[in-house]
Amino acid sequence: MNQKKIYAVSVVVGIIIGGVVIFFATRGGKTPSSLPTPAPSSVTVDAAAFASWVEVAPDSRLFTARFPAAPDLSVGKVPIKDTDLSLIQEMHVAKDEQDNAYFAVTFVYPQPFDRDDPQKVLKTVLDGMVAALPGAKLTDSSTADYQGGPALEFVIEDAKGLITQGKLFFREQVLYQVMVTYEEGSLEDSAYLYFLESFQPAT
């Protein structure tokens, strides 16, 4: 298993850790402080440059998106310890010519998320992601409005310099992670933005 695949599995495990914490942590705890709002992007995306990308609409109907190639799909059922509940995880991943990996990951939870405090939910999941990677550090994070709802943008760098950048957000009981894993200098801003702009969650 190559380094990017190992990294991706660790990040997914981190989402599970963070997500399970959401269900068993005290809801009335202290809310994390608000993160800064990012400045608008100055990158212009030329859609014609990505005409060869593949449009994906999974059977689960949880989203549509465009990938640089037909993605690989993995689906799993993740039991929640000491309960009879499970999460349904679906991961789509495709690589471009520079070996950058584009991920769309969904987790369907047994019950809807707490919509009264979306930042707390997303921050808990992000903390789980970072904690799952030994030596990793969160180099940037900020709140954002994404596809009509609150989201958390993040950049994580591991001990070997591999970078994962993307967004976390949820709709009802579905947690979404849209991200790209890459080595510094290998990812064009326009490709990253096109991928995120193409992603449409289920409404």
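Visitor: Why does Ile88 count as partly exposed?

Guide: Relative accessible area is judged with a 1.4 Å probe and protein chains only: under 20% is buried, over 50% is exposed, and partly exposed lies in between. Ile88 counts as partly exposed because its relative accessibility is 37%. This is a predicted model, in which local features need pLDDT of at least 70, side-chain atom pairs count only at pLDDT 80 or more, and totals for chains, interfaces and linings use all residues. Residues are numbered from 1 along each chain as its sequence is written, and side-chain values use heavy atoms, with hydrogens and water left out.

Visitor: In which strand is Ile88 found?

Guide: Helices (H or I, at least four residues) and strands (E, at least two) are DSSP runs, numbered from the N terminus. Ile88 belongs to strand S4, residues 86–95. The loop between strand S3 (72–79) and S4 holds Ile80.

Visitor: Is Ile80 buried or exposed?

Guide: Ile80 has a relative accessible area of 3%, so Ile80 is buried. Its C-alpha atom is separated by 10.0 Å from that of Pro110, 30 residues apart along the chain. Across the protein, buried residues make up 47% of the 203 residues.

Visitor: How many helices and strands are there in the protein?

Guide: The protein has three helices and ten strands. Read from the N terminus, the elements follow the pattern α-β-β-β-β-β-α-β-β-β-β-α-β.

Visitor: What order do the strands have in the open sheet of three strands?

Guide: Strands of a sheet pair through backbone hydrogen bonds, either parallel or antiparallel. A pair is counted if DSSP finds at least two bridges between the strands. Here the order is S1-S2-S10, and the pairing is antiparallel. Strand S1 (54–56) and strand S10 (200–201) are at the edges with a single partner strand each, so one side of each has no neighbour in the sheet.

Visitor: How many bridges join strand S2 to S10?

Guide: Strand S2, residues 63–67, is joined to S10 by two bridges, and the two run antiparallel. Phe63 stands opposite Pro201 in S10.

Visitor: Which helix packs on the sheet?

Guide: A contact means heavy atoms within 4.5 Å. Axes are lines fitted to C-alpha atoms, for helices over the stretch in contact, and angles between N-to-C directions run from 0 to 180 degrees. Helix H3, residues 189–198, packs on the sheet and touches S2 and S10; its direction makes about 155° with that of S2.

Visitor: What share of the contacts in the protein with a separation of 6 or more is between residues 24 or more positions apart?

Guide: Such residues account for 58% of those contacts.
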